Amino acid sequence: MPQIFPRGSNLVPLKIAIVLGALATGAFGAFWYYWTPKYTRVGYQPEQPIPFSHKIHAGQLQMDCRYCHSFVETAAHSNIPTAQVCMSCHSQIQKDNPKLAPLREAWETGKPVKWVQVHKTPDHAYFNHSVHVNRGVSCVSCHGRVDQMDVVYHAESHAMKFCLDCHRAPESGLRPLDEVTNLAWTAPIKGKESAKQAQLDLGNELKKQRDVNPPVNNCAGCHR
Amino acid sequence: MSKRILNHPTEKETGPKYWRSLGQVADTPEFKSWVAREFPEGASEINLETSRRSFMKYMAASAALAGLSLSSCRREEKNLVPFSRGVEWSVPGKAIFYATSRPHRRGAQPLVVATYDGRPTKVEGNPFHPSSKGATDIHSQASLLDLYDPDRSRHFRHAGNVVEEKDFTAALEALVKDASDGSGIAFLTEHFTSPTFRRLRDDLAKKMPKALWAEYEPLGGEEARLANEAAFGKGLRAIPNIAKADAILALDCDFLGFDEGTLEGIRSFSQRRSPEQAMNRLYVVENRYTVTGGMADHRLRVQAGKVGAVARQFAEIIASKTGDESLKSVIAKFPQTPAFSAEQGKWIAESAEDLIAKKGAVLVLVGYRQPPAVQALVHSINAALGALGATVVGRKTSSKPGATIADVSKGIAAGSVKTLFILGGNPAFNAPADLKFAEQLANVKTVIRHGLYEDETSLVLRGGKQSWHVPAAHYLEAWGDGRASDNSILSQQPMILPLYGGWSEIQLLDFLLTGKKSEGLDLVQETFKQIARGIDTESWAKFLHDGFLAGSQAKAEALALSAASVADLAATFKSSEGFEIVFAPCAKVDDGRNANNGWLQELPDPITKLTWDNAALVSPATAEKLGLTQDQKNGLFVSWLRIEANGDVLEIPAMVAPGHADDSITIALGYGRTFEGRVGGREGNYMSHGGWGAKKSGVGFNAYKLRTLAAHYIASGAKVSKVPGEKYILAITQEHGALEGRGADVIREATSETHKHEPGFAKDQHWLHERGAMDAEAEKRDKKGYPIPQSAYSHPELKDKNHQWGMAVDLSICTGCSACMIACQSENNIPVVGKEQVAEGREMHWIRMDRYFVSNMNDREEKIGGTHLANVNEPRMVMQPMPCQHCENAPCETVCPVNATVHSDDGLNVMAYNRCIGTRYCANNCPFKVRRFNFFDFNERQKDKYFRWNLINEKGMADTLKMSKNPNVTVRMRGVMEKCTFCVQRIQEAKIAAKVKAKDTDKVQVPTDSFQSACQQACPTGAIVFGNTKDPNSAVSKTKDNPRDYRLFDYIGVNARVSYLARVMNPNPKMPDAPKDAIMGHSNGGHA
């Protein structure tokens, strides 16, 4: 009986398996990478209705974060300032700048400016600004150097791992309470130790002094 | 290591038996299967209405849709929208609390309401007000849902057509011009306690002196007013001072319920129920079980129509023993009543003796539903027992008796009423049947109806050419005021603008005075100015802040009995004959006004555990006589009853109620409504598969149709028969979460006498071992050789050294009112699932109220269906609230394959919803059956749309309902397990607040008792205590130190964080029904 398939076809199943395996691995890898917040979130930089520059306000003019985000120390939510807050300066300064037209309109009509959300906590997680800020976790830990951004972008991943890294080792982020909104601050270096070691030394000291014990295995700390 | 076997104790043949349903007493196969299964048969399967063919169609369609949605896989741009101008006090995401009050016919309820970003989300009692002290009732808790009810009236209507507000105001202006002296105008209103309403009414009565002012409340107190007037003269009313009473006899008076009772009364009663202090004693005479009857030390069940006879016999004994002449003169006029049986006679005689012995510190209470003659007789009994001035004080009544609905009815018949204003109420539905009020309304030229819903009355008016419907504003939307049950003046401030453009009733009255729509605030301030003799910013701000005007409560007045007029009234008593029908207020829908509230419809009745229906309650003996049967499957299948009374016929399903009087039928009012409400109206009672055939739609059955002016509360001489054939399904939860008949361990009770000698009786577990409980092979044993309970599960680390949360529930003072259940539902975004789902055992309440009947197994002569059973006719009743027990060695945690339920450092058994994949192993392994599974998207779908395929069927709830959710608690989706979290959002909030305050220091411990769980906050008796067990000063630590403290199922070593204080009763040993066992719970030979 003549052979239906040539000899070379013996390897076809193996080849198919290898190709399929490579495809599956590739797809898996692609999902792995492209579906993580590190890829989907970091670098997100939407256009805002008013080209507000944090670099000018927070960096150049040295305005404190809490001047505008006034409830960050009292509430879970760090508020976006009302048009009223902006107008307390801009009714005098740059009062005819066409870029500020939406702001003036909001002030006159009462219809608020629709800012575009950059940082977002998933609905199933609960985050409280006040407890972090009041215990010495700086804005910079999660939001990056906003004082150097002309247009705000998403600097850190805000994935669950990102939270847990810090909750497991809070010493890596703790600082004196009056330096919380100073985004340029670094721990003072003693002698020859590295900057990282300086932070850990201070952080450990503060952790002990403040009895810092963030939820790690307590799911209900963030998911409730 | 071999597998350890943990035994549960066996039940004893003698001694008390704890049971929940007749099915359990009879040990029917249905009950056994119910207990053995995690969910009832078929509950885990979908009764998919769609055929296979349409299922395939949906599948194909959804696949196509999925393709569409993939291609549009982009990040959604979301906006952050701040205010353009800052709003005072407003901090985004933080709650603001406002004091206000909820109007109610028996006194407004002082409240504090939490609002988030301008929407009210939770109602609490006002902790500053002396009558509330932070507690609430179920109706106040649930009223929040009414605010957001999408079925509420949202249009002005003229002759049934939707019109603009200005059309109505124009018509009203014309009417005011023509009104002149008010002849031809009549007002029919609810009983409003608001001082502003009364001020405007008086002004209007001056302006239109010939107008008729009538009040109607279907559950009003006209009989009580007559009796008070006869006894103490006009304008005075007797108020019980329950705190001072050592012994109380309640004659058909549900003073611990929310209709008849006040929060103050409930609290002062329960403060005397702890055996650590001098306990009071409660005797109750009633026809059906109420929560008051459940708290009774001794209970006598008689027909409601025979309560007068009990009172008379009681009065005779008191008169002869005390020699009180005025009481004797009253009895002489009170008609003779038939004698009671020997045992009932002894019951009455012994209780009378006890009251005489405690003379001066006793109280006899009588229900407002009893005839005036009986109530007047009780006033004179109180006088003879020295109660006046001690346990009964006088109070001036603030309202003048006006006309009644009967006067309005007469006016319509005579043609003298041409313009009728109906403010609130729902007379077309609930007026006495013999007035035929709904038909009469057609004979009135102009009717202006002001109401929260387009209810039966508004529907009747849609036909009338000159009829108007005005949407009312909810109390959380309108300025107003009110008087509490202690007569103090309460503020009522709006939290939100009217969602549907409603008017308040004071705005409507003021329009008639001034011809324009005023601001409610101005009207209330004007009243305040008059009452407080002046107004300034400070006093007004304090009034709003506190929620009440300090010092405005009524002062106690002296009472003097006028025996002659009491005797005249007593002479009007008529004995009842034959079968009686008792019209009772419903603990949930009240007189029917709460019918469209899903939380209340789904709340199991505190006694019957019935949801989404009412039924005719009959005693087991009467049921046998009438041939009524019932069996529990998925729902309780019951017989229909035909009741003929007062010239009308009602067909209604009958339910057997243990502890009910024979030859008596109780029907709760307020059901069978026909308005267009999706919850409680015509379409309300959704069930996809069978149940009632052609006989039924809507929720429950309307008993108002049997109720007449003369037989307002009790109709005697009814003809009653069983309707052969079809059965009706009741959704009843009494067997849901049954703990395999382990009631003897679950409930522990003793008499006060035993408690005195042996305060730690509940702790003793040795009797359990003697009945074979526990691990027989345990290695660790105590001195007596009994095994020390050990868990099969590992113990969590519990690293938090500052906080460990726990709860203790005092069974001595828990009445079972179920306020905790509604508070929990509101706080934790618990969905309403509908009657069909409840029948399947899928209700979602995180805390359930287990009601146990207790009967003495020694009295086995009582029979049902030919089998020897426990005494089902005269059981006692015990309540037990059952939240998640937060076991330290939690059986649910070890079986979860995805670690979705784990233990937290502060001792909570927590659920991570996002991890849960819905295996339901945890629910299966929970010994307390407290876990709830979202079988459907209850929060996203209407109750008739659960089943269909996801992408095709319409999804979503009304936007207003979304506004009612607590923003701090996840709204759970389908396929997720959930359960009590100990209000973890409140715990976290308190912990965060402590940390924020601690700043640079290590003072992170939450201050002692600085917050409460929702159930604890609502509890009117303070039975639920929650807090930090690591804090020795916390209330919960102190409560857990009480020797009565015990934990459930300790013998399997679960180490529950919820513990219970054993119930202690204070029975009178001379009574014929005094318990024979000293330790009532388990009747252990060693203790008796």
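In the hairpin of β26(B) and β27(B), two residues lie between the strands, and Asn646(B) takes a positive phi near 50°. Strands here are DSSP runs of E with at least two residues, helices are runs of H or I with at least four residues, and both are numbered from the N terminus. The model is predicted: local features need pLDDT of at least 70 and side-chain atom pairs pLDDT 80 or more, while totals for chains, interfaces and linings use all residues. Residues are numbered from 1 along each chain as its sequence is written, and chains are lettered from A and ligands numbered from 1 in the order in which they are written.

Strand β26 covers residues 635–645 of chain B. Two strands pair if DSSP finds at least two bridges between them. The pairings of β26(B) are as follows.

| Partner strand | Residues | Sense | Bridges |
|---|---|---|---|
| β25(B) | 630–633 | antiparallel | four bridges |
| β27(B) | 648–656 | antiparallel | six bridges |
| β30(B) | 719–732 | antiparallel | eight bridges |

A hairpin with one residue joins β25(B) to β26(B), and Gln630(B) has Val638(B) as its bridge partner. On β27(B), Pro653(B) is the bridge partner of Trp640(B). Leu636(B) stands opposite Leu730(B) of β30(B).

Because eight of its eleven residues are buried, β26(B) is largely enclosed by the rest of the structure. A residue is buried if 20 or more other C-beta atoms, placed from the backbone, lie within 10 Å of its own. In chain B, 55% of the 1088 residues are buried. Chain B has 34 helices and 45 strands.

Technical notes
A residue is buried if 20 or more other C-beta atoms lie within 10 Å of its own, exposed if 12 or fewer, and partly exposed in between; C-beta atoms are placed from the backbone.
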